[in-house]
Amino acid sequence: MGLWQLLMRLPRYLGASGPPRRPWWSPSFGNISSVGSWRGQPSKSPAHWNQVVSEAEKIVGYPTSFMSLRCLLSDELSNIAMQVRKLVGTQHPLLTTARGFVQDTRNNLQLRGLVVLLISKAAGPSSVNDSCQNYDMVSGIYSCQRSLAEITELIHTALLVHRGIVNLNELQSSDGPLKDMHFGNKIAILSGDFLLANACNGLALLQNTKVVELLASALMDLVQGVYHENSTSAKENDITNDIGISAWKERAFLSHGALLAKSCQAAMELANHDAEVQDMAFQYGKHMAMSHKINSDLQPFIKEKTNDSMSFNLNSAPVVLHQEFLGRDLWIKQIGEAQEKGRLDYAKLRETIKAGKGVTSAIDLCRYHGNKALEALESFPPSEARSALENIVFAVTRFS
């Protein structure tokens, strides 16, 4: 399937272990800076996620929240923003998405671009191929790699916008007028397609067919992953998926890990690194994204202050693991016991899940993927960028 065919279908769809690798870097680099201690708290662990992101941004040269500024300040998107203002006062989810772009208090939206820049700097230029010398290098990162980071963020942002499309067939009276939802859907499709078109244009300007192929396949994975997420929820009376954790991991990689993993690999390709280095970058991106996804799924169960009425995804990692330990029949029984007057009591169900093994197992799984991400970094030369990548993993796998 061609890239443009995939883009046209996107709005419709949306609603490894082994022996240690030898270091590929020259020992002459020496210990430029200390890198965090293995599989636990780093020697100087940042207290907060925001601090980790802030320190990483200083290393790559500028705040990643400005990476897509050229696109976001364009006349076309400014016109779309004017249309989005008409949704103020409605309950269309596009407003929540737009508000999240402005009030990104946890710095999650720009994480993918930041990781691409950090791993580009951690790997540095290729020691065997200097054909990238035509590109400008700022703060140890080629200009083409910075463009790739922007493209990655554009694709991710477009996905968030497209996922805000409302299924008009499932509207209830409490959701507001049909015309508002219909108008909001049009704006969501238009703005998401605009961001994807800019991403495609940026990919073409990189003039690297392998990078185009990698990002196109990542986009295909995203569509397939979100399709799997929505296919079960579209069935009547099907509250939760009957899947094991292995199937969940496969789907989670498609919808949450493929873009970061293949963007990291593409960054190495742009610097003409060999296949081994590209694979290490891919593995870091994959396991880092999986760890971040599981951490996100765990938040409703581990937050000290949680709204009792706050819902959570019944196909999230802790719930899938809880169901796997419990068995499908007992799990359906627990859901039935947590329902009152046809509505699910999430507070009651949350306490039931917390009393089982699902939450602790999800924490262990999050740390497992974090450890795999750290293993992928072991063959990179010690540097500030590598330390920042390690600290991101430490922050994501920290639950104390």
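Helix α10 has a kink of about 65 degrees, centred on Gly-257. The bend at a residue is the angle between axes fitted to the seven residues ending there and the seven starting there. This is a predicted model, in which local features need pLDDT of at least 70 and side-chain atom pairs count only at pLDDT 80 or more, while totals for chains, interfaces and linings use all residues. Residues are numbered from 1 along each chain as its sequence is written, and side-chain values use heavy atoms, with hydrogens and water left out.

- Helices (H or I, at least four residues) are DSSP runs, numbered from the N terminus, as are strands (E, at least two).
- Helix α10 covers residues 245-270, and its end C-alpha atoms are 35 Å apart, which agrees with the 38 Å that its 26 residues should span at 1.5 Å a residue.
- The expected span of a helix is 1.5 Å times one less than its number of residues.
- Of the 26 residues of α10, 20 are buried, so this helix is largely enclosed by the rest of the structure.
- Buried means under 20% relative accessible area, exposed means over 50%, and partly exposed lies in between (1.4 Å probe, protein chains only).
- Helix α15 (residues 358-377) has 20 residues and reaches 29 Å from its first C-alpha to its last, close to the expected 28 Å.
- In α15, 14 of the 20 residues are buried, so α15 is also largely enclosed by the rest of the structure.

**Positive phi in loops**

- Asn-272 follows α10 and lies in the loop between α10 and α11.
- Asn-272 has a positive phi of about 60 degrees although it is not a glycine.
- With a relative accessible area of 23%, Asn-272 is partly exposed.
- Gln-207 is found in the loop between α8 (178-206) and α9 (209-233), and its phi is also positive, near 55 degrees.
- Gln-207 counts as exposed, at 74% relative accessibility.

**Aromatic rings**

- Rings of Phe, Tyr and Trp (its six-membered ring) pair if their centres lie within 6.5 Å; planes under 30 degrees apart count as stacked, over 60 as edge-to-face and the rest as tilted.
- By this rule the count comes to three aromatic pairs.
- Phe-312 and Tyr-346 form an edge-to-face pair, 5.2 Å centre to centre and with 80 degrees between the planes.
- Phe-312 lies in the loop between α11 and α12 (317-326) and Tyr-346 in helix α14 (residues 346-354), so the pair ties together parts that are 34 residues apart in sequence.
- Phe-312 is buried, at 8% relative accessible area, whereas Tyr-346 is partly exposed at 23%.
- Ring pairs link Phe-301, Phe-312 and Tyr-346 into a cluster.

**Two buried residues**

- Asp-297 is placed in helix α11 (residues 275-302) and counts as buried, at 8% relative accessibility.
- The side chain of Asp-297 reaches the backbone nitrogen of Ala-317 at 3.1 Å.
- Not counting residues up to four places away in sequence, Asp-297 touches Trp-248, Ser-316, Ala-317 and Pro-318; contact means heavy atoms within 4.5 Å.
- Ala-56 lies in helix α2 (residues 49-60) and is buried, at 0% relative accessibility.
- Ala-56 touches Leu-114, Leu-118 and Ala-388, again leaving out residues up to four places away in sequence.
- The C-alpha atoms of Ala-56 and Leu-118 are separated by 7.5 Å, although these residues are 62 residues apart along the chain.

Notes. A polar contact is a pair of N or O atoms within 3.5 Å; within protein, one must be able to donate a hydrogen and the other to accept it, and residues adjacent in sequence count only if both atoms are side-chain atoms.
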